[in-house]
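Take a look at the chain below before reading on. The text then walks through it part by part.

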Amino acid sequence: MNNILTILIFFPALAGVLGFVVDKKSAKAYGIAVASVEFLLSIWLWMSFDNANAGMQFKEFIEIIPAFGISYNLGVDGISLFIVVMAAMITLLGIILLDEEKIANMKNMIVSLLFLEMTMVGVFLSLDAIIFYMFWELSLVPMLYIIGAWGGPTRVYAAVKFFLYTFAGSLIMLVGLLATAYFFFLQSGTWSFNLLDWYTLKLTTDQQFWLFLSFFAGFAIKVPMFPFHTWLPHAHGQAPTIGSVILAAVLLKMGTYGFVRFSLPILPDASVTFTPFIMTLSLIMVVYTAMVAFAQKDMKQVIAYSSVSHMGIIMIGVFAMNAEGLGGSVFLMLSHGVVSGALFMLVGVIYERTGTKIMDEFGGLAAVMPVYATIFGVMLMASVGLPLTIGFVGEFLVLLGFYKVSVIGTIIAGSTIIIGSIYMLTLFKKSFFGPVRHEKNLALKDLNGRELAALLPLVAIVVWLGVYPKPVLGPIDNSVKAMLVQMENHAQLESTKEAIIVSKKEAK
């Protein structure tokens, strides 16, 4: 299929525009139909992907402003492929979960989600820095609206805080993108915002230093890394269920993806130089937010802080600078997306029934809602990295890769698995076992067909990729190894070359 990447990006937006004329009673059905087509297109992309080819595939290129090297430039490799599939899947399942009786103005919600899907897919498929930045910034608009229009009592404050944090970081990142294009002009005599051209840049250590900091500002806030994480728990706490699902499952991955796609291959020397700093922040992020999660009384806040802690594990894998760590971090992006998305869905289910997310208000849910408790238990086990679940695969590879960098750091990071088990099992014990604390909870209904349709596919993926991750790990591993080779060839410092050579040899 020609122009499949363009179709994947703009089909949801076009459908969103047409959605304004759809009858409001049919809005959800329309959204499910559009999201289903988008998901099937992403599956077709996966099935047509050449797993043996580590480079960019399905490339599309149209010059927009030749004088400044700005082009409509798209491509997909093993690193971005599965994030696109996940974005399409999570959007579809999130729309299925929507309750038409609880969502006011369903049409606007569906249109917002479809436009948000366009921006997310656009970020992961763009190979031109300006096009990437446009989709990156546009993603703020529908999410700002979703939180502000359908969120909790302090939703406006949460939405504004989310916007200001991420927009401020993005502006600094834009300066770095423009500076990189300028350095390319100085070396080649022509302007280019093509990432593949930027991968050939020979930058001084000083230039790499400042560019890395500018990229770091945009990506670290989006992750979000400590100490820039404070906007996220509040955004999760006030966002509607669908907002939290997409925020945790997909939008946060834009930050870690940015480090993988921009910082490492363009600035290899600076990436190695800043590795101790990044690792320190990541370890603080992992341990601190895990402990904060343990102190929470609100189920959603527990999962929100747990999500930040797991994003710290992903960052550790990215900057381990070896095939195991980097490949594991990309896989963990998918794992975290599936598991955190499902957990936020599950919290949304009980909140819709009871109007509360406080653990002490429940108790005994396993007897009242056995199917709900079973699915929650599966996702909880995946979150803490139980073997034979999707959560184990990525975390194991990340820790294996990090072990080659720092044994002590690996012990510290691995200890959070124990902490995570404690706070997750505490959540499960308080909410699902013991006596039912309120008589009204005895009348709670178990999962209905709509909710099962949204959650069961995620359960299947958790088990499938936990038992047999090869279909996903194979293409990821090929692209990661190719990137490590490219980083080695691009690096100018011997210390960088030596570190990457070790990683490359051990990955073979």
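This is a predicted model: local features need pLDDT of at least 70, side-chain atom pairs count only at pLDDT 80 or more; totals for chains, interfaces and linings use all residues.

Start with helix α5, which spans residues 129-138. The helix is mostly covered, with 8 of its 10 residues buried. Among them are Ala129, Ile130, Ile131 and Tyr133. Phe135, Trp136 and Glu137 in α5 are buried as well. At the start of this helix stands Asp128. One of its side-chain oxygens comes to within 2.9 Å of the backbone nitrogen of Ile130.

Stay with α5 and turn to its rings. Phe132 sits in this helix and pairs with Phe262 in helix α12, residues 253-266. The ring centres are 4.6 Å apart and the planes stand at 45 degrees, so the pair counts as tilted. The two partners are 130 residues apart, and the pair links distant parts of the chain.

Another tilted pair joins Phe209 and Phe274. Here the centres are 5.2 Å apart, with 35 degrees between the planes. Phe209 lies in helix α9, while Phe274 lies in the loop between α13 (268-273) and α14 (275-294), so the pair ties together parts 65 residues apart in sequence. Phe209 is partly exposed, at 34% relative accessible area. Phe274 is buried, at 9%. In total, the count of aromatic pairs comes to 38.

Rings also meet charges. Trp136, one of the buried residues of α5, has the charged end of Lys222 over its ring. That charged end is 5.0 Å from the ring centre. Elsewhere, Lys357 lies over the face of Tyr351. The distance to the ring centre is 5.2 Å in that case.

Now to the loops. The loop between α9 (205-222) and α10 (231-238) holds Pro224. The peptide bond from Val223 to Pro224 is cis, with omega near -5 degrees. Pro227 is found in the loop between α9 and α10 as well. A cis peptide bond joins Phe226 to Pro227, with omega of about 5 degrees.

Two other loops show a backbone angle to note. Asn105 is not a glycine, yet its phi is positive, at about 60 degrees. This residue is found in the loop between α3 (78-97) and α4 (106-125). Asn105 is partly exposed, with a relative accessible area of 45%. Met321 is not a glycine either, and its phi is positive at about 60 degrees. Its place is the loop between α15 (299-318) and α16 (323-354). How buried is Met321? Its relative accessibility is 4%, and under 20% means buried, so Met321 counts as buried.

Next come the empty spaces. Rolling a probe the size of a water molecule over the atoms shows where such space is left. The largest pocket holds about 520 Å³ of space. It is lined by 24 residues. Closest to its centre are Trp150, Pro240, Thr241, Tyr351 and Glu352. Helices α3, α10, α11 (241-251) and α16 each give two or more residues to this lining. The largest share, 6 residues, comes from α16. By class, the pocket lining has 12 nonpolar, 7 polar and 5 charged residues.

How many cavities of 30 Å³ or more does the structure hold? There are 2. The largest cavity has a volume of about 110 Å³. Of its 15 lining residues, the closest to the centre are His310, His336, Val339, Ser340 and Ser383. Helices α15, α16, α18 (370-383) and α19 (390-403) each contribute two or more residues. Helix α16 gives the most to this lining, with 6 residues. The lining divides into 6 nonpolar, 8 polar and 1 charged.

The second largest cavity holds about 90 Å³. Its lining includes Ser309, His310, Ile313, Ser383 and Glu395. Helices α15 and α20 (407-432) each give two or more residues to it. Helix α20 gives the most, with 4 residues. This lining divides into 4 nonpolar, 5 polar and 1 charged.

Methods:
Residues are numbered from 1 along each chain as its sequence is written. Side-chain values use heavy atoms; hydrogens and water are left out. Buried means under 20% relative accessible area, exposed over 50%, partly exposed in between (1.4 Å probe, protein chains only). A polar contact is a pair of N or O atoms within 3.5 Å; within protein, one must be able to donate a hydrogen and the other to accept it, and residues adjacent in sequence count only if both atoms are side-chain atoms. Rings of Phe, Tyr and Trp (its six-membered ring) pair if their centres lie within 6.5 Å; planes under 30 degrees apart count as stacked, over 60 as edge-to-face and the rest as tilted. A charge sits over a ring if NZ of Lys or CZ of Arg is within 6 Å of the ring centre and within 35 degrees of the ring normal. On a 1 Å grid over the protein atoms alone, a cavity is a set of points where a 1.4 Å probe fits but cannot get out, and a pocket is an open set with protein on both sides within 12 Å along at least five of seven lines; lining residues have an atom within 4 Å of a point. Grid points are joined across faces, edges and corners, and a volume is the space filled by probe spheres set on the points. Ala, Val, Leu, Ile, Met, Phe, Trp, Tyr, Cys and Pro count as nonpolar, Asp, Glu, Lys and Arg as charged, and the others, Gly among them, as polar.
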